[in-house]
Amino acid sequence: MIGTRAALRSELCTDEREFGELAETWGRLYRRCGAATPFQSHAWLHSWWLSYGTPGRLRLVLVHDGGELVAAAPLMLVRQPWPALVPLGGSISDFGDVLIEDGERADRAAAALADGLAAAARTALIDFREVRPGGAVERVYAYWRGPRRQVPDSLCLELPAASMDELVGRLETAKAQQRARAKLRKLTALGVEPRVVRPDEVDAALRHMLELHRLQWQGRKVTGEHLQERFAEHLVRSVGPMVRAGDAVVTEFRLDDTVMAVDLTLLSRQLAGGYLYGAHPGLRERKADVATMLLHAGAQHTGAGGHRVLSLLRGNEPYKHHWRPHSVVNQRFLLARRRTAPLMSAAVCDVAARRRGKELLHRFHSWRERGGGRP
């Protein structure tokens with residue numbers, strides 16, 4: 001036990017086996033935390049740890065009220081570029097956060113979690129990255145007693161939870177709307193048929209999705225981690241339980257009885273988010289618009305589940321802007337103790353330097369596109 005506040009007790013868990021045994025109680029807390037995204041589910045986090053975790057570095061700060069888990073911070077210790085506690089999930093997770101149950105215990109649970117984090121941090125900085133606006137970490141930040149900073153992190157794009165007809169109606173011009181409807185008619189004319197995969201079929205469908213993903217990106221720049229076996233093992237291990245719990249859906253798209261594309265969409269109370277897909281190049285050869293096909297499926301998921309938004313997740317790719325999404329900026333929360341305040345200053349300076357570097361690189365590319373004239 002590392003702290004108590006108003007009958008709530010916080011403790012630090014570093015045992016991997018105990019983490020695995022928390023699935024049921026973690027799941028109950030996850031359902032009671034309205035801000036949670038699929039990346040805070042036990043299935044996703046525990047699987048990620050098995051594929052990517054470093055033995056001896058697990059740091060789970062847990063807050064109990066009696067025998068019930070009311071808050072949790074899933075973290076790990078890193079040493080570079082400075083000692084820090086960072087969220088589990090790493091770069092393959094679009095959102096990081098803690099879990100705090102909603103309701104009358106929320107403030108006390110957040111305060112107790114803040115105390116527990118302070119005790120667990122010792123000489124490390126606490127660095128919560130990629131927190132979606134409205135995330136549970138915001139409550140912890142409010143109760144933090146030491147030095148703290150909040151800075152912008154990655155950009156995400158979101159669409160309202162709406163039917164495909166409504167999304168088409170959002171397009172800026174009548175001509176753009178006509179093109180979108182023509183693409184939908186083309187998919188129908190080709191006979192592309194979506195089918196939600198049954199839970200017992202998920203593992204095979206995910207393996208096929210990754211094969212199609214590799215094929216579609218062959219010869220082009222691709223996120224290298226998506227081609228690694230440890231990533232495949234993580235997806236197969238985590239997504240099956242998530243599908244059974246209603247936290248994910250896998251959709252196959254068939255053409256002439258052949259699976260030509262597979263999509264993985266993650267679900268929570270807040271959002272439905274298209275995480276990864278694989279599509280055979282033959283779809284584009286037959287003039288099928290894959291982006292429109294996937295968006296149509298995503299719109300159906302939001303309508304069926306009552307989700308608030310259809311998230312396009314992290315990334316500012318030009319094709320996403322065609323649908324006039326809202327820009328939502330994830331936040332980064334840095335929490336320090338008095339003795340680790342210099343680490344926080346170093347992190348803030350690093351953020352500023354990286355942002356300045358991106359700005360200069362953007363200006364350089366713009367200059368090159370203008371033919372090398374004066375920037």
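Six nonpolar, three polar and one charged residues: that's the make-up of the lining of the largest cavity, and it's where this tour of a predicted model begins.

**Stop 1: the cavity**

Select Phe-39, Gln-40, Leu-45, Pro-74, Pro-87, Leu-88, Ser-93, Phe-95, Gly-96 and Asp-97, and you'll have the lining on screen. How much space lies inside the largest cavity? About 40 Å³. The count of cavities of 30 Å³ or more comes to one.

**Stop 2: an aromatic pair**

Searching the whole structure turns up seven aromatic pairs. In the pair of Phe-39 and Tyr-275, the ring centres are 5.9 Å apart and the planes sit at 55°, so this pair counts as tilted. Now zoom out a bit. Phe-39 is in the loop between α2 (23–31) and α3 (42–52), while Tyr-275 belongs to strand β12 (residues 271–279), so the pair ties together parts 236 residues apart in sequence.

**Stop 3**

Most peptide bonds are trans, and most residues other than glycine have a negative phi. With that in mind, go to Gln-80 and Pro-81: the peptide bond joining them is cis, with omega about 0°. You'll find Pro-81 in the loop between β4 (68–78) and β5 (84–87).

Next, click on Glu-130 in strand β7 (residues 125–131). Is its phi positive or negative? Positive, at about 55°, although Glu-130 is not a glycine.

**Stop 4: a helix crossing**

Two packed helices are described by the angle and the distance between their axes. Select helix α8 (residues 202–216) and helix α9 (residues 229–245): their axes come within 9 Å and cross at roughly 140°. The crossing of α8 with α9 is right-handed.

Which residues make the contact? Show side chains on both helices:

- From α8, pick Val-202, Asp-203, Leu-206, Arg-207, Met-209 and Leu-210.
- From α9, pick Glu-229, Phe-231, Ala-232, Glu-233, Leu-235, Val-236, Val-239, Gly-240 and Val-243.

Colour them by class and this contact of α8 with α9 splits into 10 nonpolar, one polar and four charged residues.

Technical notes: Residues numbered from 1 in each chain as written. Predicted model: local features only at pLDDT ≥ 70, side-chain atom pairs only at ≥ 80, totals over all residues. Heavy atoms only, no water. 1 Å grid on protein atoms, 1.4 Å probe; cavity = no way out; pocket = protein on both sides within 12 Å on 5 of 7 lines; lining within 4 Å. Points joined across faces, edges and corners; volume = space filled by probe spheres on them. Nonpolar A, V, L, I, M, F, W, Y, C, P; charged D, E, K, R; others polar. Axes fitted to C-alpha atoms, helices over the stretch in contact; angles between N-to-C directions. Helix = DSSP H or I, 4+ residues; strand = E, 2+ residues; numbered from the N terminus. Left-handed = near helix turned anticlockwise from the far one by under 90°. Contact = heavy atoms within 4.5 Å. Phe/Tyr/Trp six-rings, centres within 6.5 Å; stacked < 30°, edge-to-face > 60°.
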